[in-house]
Amino acid sequence: MKKILSLLLVLVLAVSFAACAKKNETKTDTSEKSGEKTKITLCLDYTPNTNHSGIFVAQKKGYFDAENLEVTIIQPEEGTATELCASGKVQLAIDFQDYLAPSYIQGLGITAVAAIVNHNTAGILARKGELETPRGLENDKYATYMAPIELAMTDYLCQSAGGDASTINYIEDYPTNAAEALNNNVFDSLCIYYAWDGINAEMTGDFDFVFYKDYEDAFDYYSPVIIANNDFLKNDSETAKAALRAIKKGYEYAIENPDEAADILINSDETGALKGREEFVKKSQQWISKQYVADGKSWGYIDPARWNAFYKWCYDNKAIEKEIPENTGFSNDYLS
C-alpha cells in the first residue's frame, strides 16, 4: 500500500510540474509576442517639410510598428536638434553636414547614419537676371545666419567667378519666404534649399538660382542627414538598425508614391502650416522624391570620398579652425 501511495504521489507531482512548466512556457511566449514596443524619439531640424516625408510615411504606414518601435517625432524647441541628440535627450535627429562641422570639432557624441538626399540641393537664389553666375553676388545684400562655412563658400563662389567678394553685404537675417523678400527688395540674394524655397520661387515668378555643387565638386556635401547619439548606437545598435530599416522603407515608398507621401506629410503636420498649400507641397514632393536616391547606391548611403572632400575644403579654406580627420562623424554600418 505504501509503495502504491508513493507511486501515486510521484505521478501527481510529475503532472503538477509539467503543468507549471507548460504554464510558464505559455507566459513566456505571450510576453515575447505582446512585449512593449521600444520607445525612441526623433527630432526634426525644423517644421515638417518634404525632407522629412519618408519619416512620416514610415509612421503612417506602420513600418515602425513592424519593427516593434514606438517613435515620437518632435521639433526642436530648446536648443538645436543636434544638441538634443548629443545630450541623449533624443536618440535620432536631423541636421546638415555643413552645420555639423562644429559638433565634430567639439567632440560631441553624434554620428551621421543616413543621408536623406543623395546630392546637395542647396544653392543661391536671386532676382531674375542678377545671378547668371556667382559673380552676380557683388554688391548684394545677402541674407544669412552668418555661419562661417556658408560665408566662406559664398565668398569662394564669387571670387572663383571673377567677382570681388569683399563687396558682398552680409545681413544677419533670414526671411520666412525667400521669393517674397527678393521681390520686395529686402534682400538681393540668399542660400536656399531648392526643394522648398526653390519650388516656391518657381511657382511665384522668375528667379535666378545656382546650385553650390555645380561650381565646386567639394560642395556636393550631404544635406540633410539623420544623426544618432553615439551611446545609443553603442548600447542599442539593433534598435538603431530597425529604425533606419523603417525609415528607409518610408523614403522608398515616397519615391514611388510622391503624391500620397505629400498627403501624409500634410496630415502629419501638427502645426497646420501645410494645410491649404497642397499644390506647393505636392510639387515639392514630386521634385525631391527624385533626389532621395538619384544616382546613389541606395537610400541613405554616405559616400566617404564626398564626405571627406567637403571637410577638407573647409579646413584648407579656413572655414573651420581645426581639421576634421577623414571618415569622422558618419557611418553606413546601421543601414540594411
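The lining of the second largest pocket has 5 nonpolar, 5 polar and 2 charged residues by class. This is a predicted model. It holds 1 cavity of 30 Å³ or more, and its largest nonpolar core has 48 residues.

**Second largest pocket**
- The volume of the second largest pocket is about 230 Å³.
- Leu44, Pro48, Phe56, Gln59, Thr72, Ile73, Ile74, Gln75, Glu77, Asn267, Ser268 and Glu270 line this pocket.
- Two or more residues of that lining come from each of helix H2 (53-60), strand E2 (69-74) and helix H11 (258-268).
- Strand E2 supplies the largest share, 3 residues.

**Cavity**
- The largest cavity has a volume of about 30 Å³.
- Its lining consists of Ala115, Asn118, Tyr292, Val293, Ser298, Trp299, Gly300 and Tyr301.
- By class, 5 of these lining residues are nonpolar and 3 are polar, with no charged residues.

**Nonpolar cores**
- Within the largest nonpolar core, the residues with the most contacts are Leu42, Leu92, Ile116, Ile226, Ile247, Tyr292 and Trp299.
- Helix H10 (residues 237-256) gives the most to this core, contributing 8 residues.
- Tyr292 and Trp299 are among the residues with the most contacts in the core and also line the largest cavity.
- Leaving aside residues up to four places away in sequence, Ile247 touches Leu42, Gly54, Ile55, Ala58, Phe64, Ile226 and Trp299.
- A second, separate core has 45 residues, including Phe310, Cys314, Ile320 and Ile324.

Terms used. Residues numbered from 1 in each chain as written. Predicted model: local features only at pLDDT ≥ 70, side-chain atom pairs only at ≥ 80, totals over all residues. Heavy atoms only, no water. 1 Å grid on protein atoms, 1.4 Å probe; cavity = no way out; pocket = protein on both sides within 12 Å on 5 of 7 lines; lining within 4 Å. Points joined across faces, edges and corners; volume = space filled by probe spheres on them. Nonpolar A, V, L, I, M, F, W, Y, C, P; charged D, E, K, R; others polar. Core = buried A, V, L, I, M, F, W, Y, C linked by side-chain atoms within 4.5 Å. Buried < 20%, exposed > 50% of the residue type's maximum accessible area, 1.4 Å probe, protein only. Helix = DSSP H or I, 4+ residues; strand = E, 2+ residues; numbered from the N terminus. Contact = heavy atoms within 4.5 Å.
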